[in-house]
Amino acid sequence: MALGMVATAVAGCAPSTSGDEGGADEKSGTVRVWLFREVGNKPKEKVVQGVVDRFEKQHNGVRVSVQYIPVDSRAEKIKGAFNDPDSAPDVIEYGNTDTAGYVADGGLADVSAEFAEWDAADDLDPTAEKSVTVQGKQYGAPLFVGVRALYYRTDVFKDLGLEPPRTLSELAATAKKIRAERQEMYGIAVGGAYTYGAMPFLWAHGGELAEESGGGKFRATLDSAAAKKGIKAYTSLFGDDNCPATTCAAMGGNDTVEAFAGGKAGMAIGGDFNRQAMDDGAVRGKYAVVPLPGARKGSVAPAFAGGNNIGVLKSSRHRSLAVALMKELAGKRTQERLFDAMGFLPTFSDTRKKVAAREPFVEPFVATLDAGTKFVPASPAWGRIDAAQILPGMFQRIVSGKQDVDSAAADAAGKMDKAFAR
């Protein structure tokens with residue numbers, strides 16, 4: 001559905017419960033928006049301004065005020081807005097792993113009714129939709145998605161007669177061959193603090209981070225047999241025969257990308273959003289990307305579906321307008337333009353195929369999305385688990401030899417369960 005049509009329909013046909021959360025549902029005045037300020041933000045601003053101009057023309061007496069906020073300080077600023085409705089925006093951009101926490105804080109409006117009426121939602125990637133869903137209710141619209149795949153050095157592979165690995169076992173063997181022939185390089189750059197690079201190994205072996213037990217309650221499953229098999233597969237990549245634990249245990253995702261971009265690794269797990277770093281580095285013109293393989297030949301390891309969403313604050317006094325603008329900002333037309341401007345992957349399957357047809361680079365990432373992605377537990381506890389570095393701590397204790405897989409996984413699961421129980 002065209003964005004203008006969506007906006008008009010939603011603004012004119014809001015359900016009778018629309019004004020219940022934020023009080024008055026004013027149909028004029030200023031609608032305030034907070035979006036994230038990206039590195040090189042001007043192209044994003046141009047796309048958003050186009051949305052704002054159309055929206056204001058379609059709604060007499062309405063002005064849209066957009067403020068770009070720093071990503072690094074977003075948590076404090078957004079939570080402050082939850083506690084101060086008078087200065088809060090009506091619409092915000094937020095990280096998709098923050099959904100459950102913001103819902104628990106009482107900050108985001110339930111837009112389930114309007115979401116159900118949105119024709120475009122039928123084409124949303126299921127994981128993207130899951131990222132705005134808490135206990136069956138929607139609290140926003142997905143804006144873009146980011147996934148990781150396998151970057152590899154085409155020149156090194158050609159020189160050593162190697163082919164892109166087709167399974168995770170082949171990945172490990174290929175990494176060791178590279179390391180044996182090129183001692184100055186890691187076979188594959190991995191990091192003990194690279195949570196989102198490690199998760200696909202766990203998921204590819206049938207493991208899960210946690211399972212929902214009903215009513216929004218979760219129980220950690222890191223200590224299951226399948227999860228431990230995946231943890232072992234990832235931590236086995238740390239060692240002198242690939243990526244020495246003395247160096248790689250402390251590495252995070254940015255460190256592994258920098259190692260590959262700097263010519264110090266034959267492979268790395270990186271995102272579609274890391275392309276510029278690669279092209280600015282020593283590997284420009286000497287790399288390619290394929291989906292990270294799974295445990296079985298022909299399979300793709302499930303990737304974590306990161307990205308951002310657009311939501312409406314519960315305190316908004318412009319509920320109908322805010323929801324209409326949310327759909328404009330997160331609609332197909334805007335997502336396609338944001339891809340062209342910023343490289344953000346669309347959350348709509350049909351839009352994603354459209355942009356992939358004209359940009360071959362994104363094909364491996366689209367294939368990864370199409371194969372099925374995963375998301376973190378939709379629990380406010382995830383923020384605490386992430387901040388406490390529970391998963392990196394587990395990986396680091398294993399690769400440093402302080403604990404074996406069984407005991408480290410059991411300890412990490414126990415810590416997660418304590419976080420879930422709070």
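Reply: Angles under 35 degrees count as roughly parallel, over 145 as roughly antiparallel, 65 to 115 as roughly perpendicular and the rest as oblique. Axes are lines fitted to C-alpha atoms, for helices over the stretch in contact, with angles from 0 to 180 degrees between N-to-C directions. This is a predicted model, in which local features need pLDDT of at least 70 and side-chain atom pairs count only at pLDDT 80 or more, while totals for chains, interfaces and linings use all residues. Residues are numbered from 1 along each chain as its sequence is written, and side-chain values use heavy atoms, with hydrogens and water left out.

Me: How do helix 9 and helix 10 cross?

Reply: Two packed helices are described by the angle between their axes and the distance between the axes. Helices (H or I, at least four residues) and strands (E, at least two) are DSSP runs numbered from the N terminus. The axes of helix 9 (residues 195-204) and helix 10 (residues 225-235) cross at roughly 130° and come within 7 Å. The two helices are therefore oblique to each other.

Me: Which residues of helix 9 and helix 10 meet?

Reply: With contact meaning heavy atoms within 4.5 Å, G197, A198, F201 and L202 of helix 9 meet A226, A227, G230, I231, A233 and Y234 of helix 10. By class, this contact has eight nonpolar, two polar and no charged residues. Here Ala, Val, Leu, Ile, Met, Phe, Trp, Tyr, Cys and Pro count as nonpolar, Asp, Glu, Lys and Arg as charged, and the others, Gly among them, as polar.

Me: What is the orientation of helix 19 and helix 20?

Reply: The axes of helix 19 (residues 390-399) and helix 20 (residues 405-421) come within 9 Å and cross at roughly 165°. These helices are therefore roughly antiparallel to each other, and helix 19 passes helix 20 in a right-handed crossing. Helix 19 contributes I390, M394, R397 and I398 to the contact, and helix 20 contributes V405, A408, A409, D411, A412, K415 and M416. That contact has eight nonpolar, no polar and three charged residues.

Me: How many cavities of 30 Å³ or more does the structure hold, and what lines the largest?

Reply: On a 1 Å grid over the protein atoms alone, a cavity is a set of points where a 1.4 Å probe fits but cannot get out, a pocket is an open set with protein on both sides within 12 Å along at least five of seven lines, and lining residues have an atom within 4 Å of a point. Four such cavities are present. The largest cavity is lined by R148, A149, Y196, P200, I269, L292, A301, A303, F304 and T368. Strand 7 (148-153) and helix 9 are the elements that give two or more residues to this lining.

Definitions and conventions: Points joined across faces, edges and corners; volume = space filled by probe spheres on them. Left-handed = near helix turned anticlockwise from the far one by under 90°.
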